[in-house]
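Please look over the sequence and the fold before reading on.

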Amino acid sequence: MKRILVTGGAGFIGSAVVRQLIDETEATVINADALTYAGNLESLGPARDHPRHRFEQVDIRDRAAVERLFRDHRPDAVMHLAAESHVDRSIEGPAAFVETNVTGTQNLLEAARAHWEGFEGAARDRFRFHHVSTDEVYGDLGPDEPPFSEQTPYAPSSPYSASKAASDHLVRAWHQTYGLPILITNCSNNYGPYQFPEKLIPLMILNAVEGRSLPVYGNGENIRDWLYVEDHARALRLVLENGRVGRTYNIGGRCERANLKVVQTVCQILNRLCPHPDYAYERLIEFVPDRPGHDRRYAIDDSRIARELGWAPKESFESGLEKTVQWYLDNQQWLDRVRTGEYRAWMETNYRHRVMEK
Ligand code: NAD
Ligand code: TYD
């Protein structure tokens, strides 16, 4: 692939994909991102100024701007990561999730289809539209149920996961109806450097370091499967290069952990890396009212991607988490940049009522 259009390349996972594509391939990367609160070009590191990296500030809700993107850059492949991505925000304000995740995806599909239909021969055969999605589309898993496979029926619980499920269905329909050569991946919870500190792991690291409470929703028994972001980016590149057209691949970390256990592990690492003189960080853990519609468990059966493409995660949770904590301790400048007024307003919206209701 010579020219890859990455949407959402200034976000957490998108920036990891762009950094890898620049560092490890010869591809030109067209990075299209609206730079919402979650997007930050500093997350690209040296890739930002690389001659093979082209940034376009584009909102995928803007159909004309999306069409222009394809005309101007003529990509051989699309990796679509741009999305509103935080479940709690989707509960407070679902409209943006439908607009970006559903309508935005439809805009991309239509522009990609027109672009692909203009190709002939090898270029037409080579083109791919890779849609990056989540395991949350499969919904709530009971403690003894088998992990999600690619055959698990969709049953999303939150406005976020419903909007991602809708976008997955659109992508599949564009393949079935128009023959667009698509790939879909559904991945479990990612963690690692550059994750916006509204998500569980970076939020807990920062709150602990700043002496604030560590708000665990409900009883902390909800289970997520955790994958280090660089392992996810590697999986995405493999699927793009070698995945079978029209197919879905589940990607997971083989690492199910209850939320309370994750928070305790973050505390243990911090107790070692930057001990507080007066107390162990676990003392800051506070149980707060639950998220409505909170899925109890996610778990992934990754046997298809393992078997067909030879992928397996490289990073263990313990080593990945330690690297992540160290990264947040070392990168105050990035944190100052992303924690704008909007971030403070969000923290107020999401946590004030939880603490007051207790
Ligand atoms: P993120 O919130 O960190 O980044 C999203 C990026 O999309 C940001 O840079 C933002 O500016 C951009 N964006 C948002 N709305 C846009 C719009 N209308 N037009 C153009 N750009 C827009 O999200 P992330 O965690 O990096 O997730 C990336 C993708 O991976 C998403 O599609 C998400 O559903 C999926 N995913 C995430 C996880 C996870 O654990 N974070 C797991 C599985 C799948
Ligand atoms: P999150 O990082 O928001 O990812 P997702 O909801 O997409 O899985 O949350 C991960 C888990 O952590 C989820 O079960 C909700 C829980 N959680 C808390 O307990 N406290 C918090 O402050 C946050 C943000 C999440």
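In helix α9, the buried residues are Asn259, Leu260, Val262, Val263, Thr265, Val266, Cys267, Ile269 and Leu270. Buried means under 20% relative accessible area, exposed means over 50%, and partly exposed lies in between (1.4 Å probe, protein chains only). Helices (H or I, at least four residues) and strands (E, at least two) are DSSP runs, numbered from the N terminus.

This is a predicted model: local features need pLDDT of at least 70, side-chain atom pairs count only at pLDDT 80 or more, and totals for chains, interfaces and linings use all residues. Residues are numbered from 1 along each chain as its sequence is written, chains are lettered from A and ligands numbered from 1 in the order in which they are written, and side-chain values use heavy atoms, with hydrogens and water left out.

What do the buried residues of α9 pack against? Their partners are α7 (200-209), β8 (214-217), β9 (223-228), β11 (256-258), β12 (285-288) and α11 (317-330). Contact here means heavy atoms within 4.5 Å.

The length of α9 also checks out. The helix has 15 residues (259-273), and at 1.5 Å a residue it should span 21 Å. The expected span is 1.5 Å times one less than the number of residues. The end C-alpha atoms of α9 are 21 Å apart, which agrees.

## Ligand 2

An N or O atom in the Asn259 side chain is 2.8 Å from an oxygen atom of ligand 2. Taken alone, ligand 2 exposes 510 Å², and the protein buries 97% of that. Accessible areas come from the Shrake-Rupley method with a 1.4 Å probe; for residues, only the protein chains shown count as cover.

There are 18 residues around ligand 2. A residue is near a molecule or strand if one of its heavy atoms lies within 4 Å of it. Glu136, Pro215, Arg291, His294 and Tyr351 come nearest to ligand 2. By class, the shell has eight nonpolar, four polar and six charged residues. Ala, Val, Leu, Ile, Met, Phe, Trp, Tyr, Cys and Pro count as nonpolar, Asp, Glu, Lys and Arg as charged, and the others, Gly among them, as polar. α3 (87-92), α7 and β8 each supply at least two residues of this shell.

## Ligand 1

Around ligand 1 there are 29 residues, of which Ile13, Asp33, Ser85, Tyr160 and Lys164 come nearest. They divide into 14 nonpolar, 11 polar and four charged. Which element gives the largest share of the shell around ligand 1? Strand β5 does, with three residues.

The table lists polar contacts of both ligands. A polar contact is a pair of N or O atoms within 3.5 Å; within protein, one must be able to donate a hydrogen and the other to accept it, and residues adjacent in sequence count only if both atoms are side-chain atoms.

| Ligand atom | Protein atom | Distance |
|---|---|---|
| Ligand 1, oxygen | Gly11, backbone N or O | 3.0 Å |
| Ligand 1, oxygen | Phe12, backbone N or O | 3.0 Å |
| Ligand 1, nitrogen | Thr100, polar side-chain atom | 2.9 Å |
| Ligand 2, oxygen | Leu200, polar backbone atom | 2.9 Å |
| Ligand 2, oxygen | Arg291, polar side-chain atom | 2.5 Å |

## Thr134 in strand β5

Thr134 is found in strand β5. Thr134 is buried, with a relative accessible area of 6%. A polar contact of 3.4 Å joins its side chain to that of Asp135. A polar atom of the Thr134 side chain also lies 2.9 Å from the backbone nitrogen of Glu136. Leaving out residues up to four places away in sequence, Thr134 touches Tyr160, Lys164, Thr185, Asn186 and Cys187.

## Loop residues

Two arginines have positive phi. Arg74 has phi near 45 degrees, positive in a residue other than glycine. It sits in the loop between α2 (63-73) and β4 (77-80). Arg74 is partly exposed, at 46% relative accessible area.

Arg254 has a positive phi of about 55 degrees, although it is not a glycine. Its loop runs between β10 (248-251) and β11. Is Arg254 buried or exposed? Arg254 counts as exposed, at 52% relative accessibility.

Pro94 is in the loop between α3 and α4 (95-117). Pro94 counts as partly exposed, at 37% relative accessibility. Pro94 and Trp116 are 22 residues apart in sequence and 32 Å apart in space, C-alpha to C-alpha.
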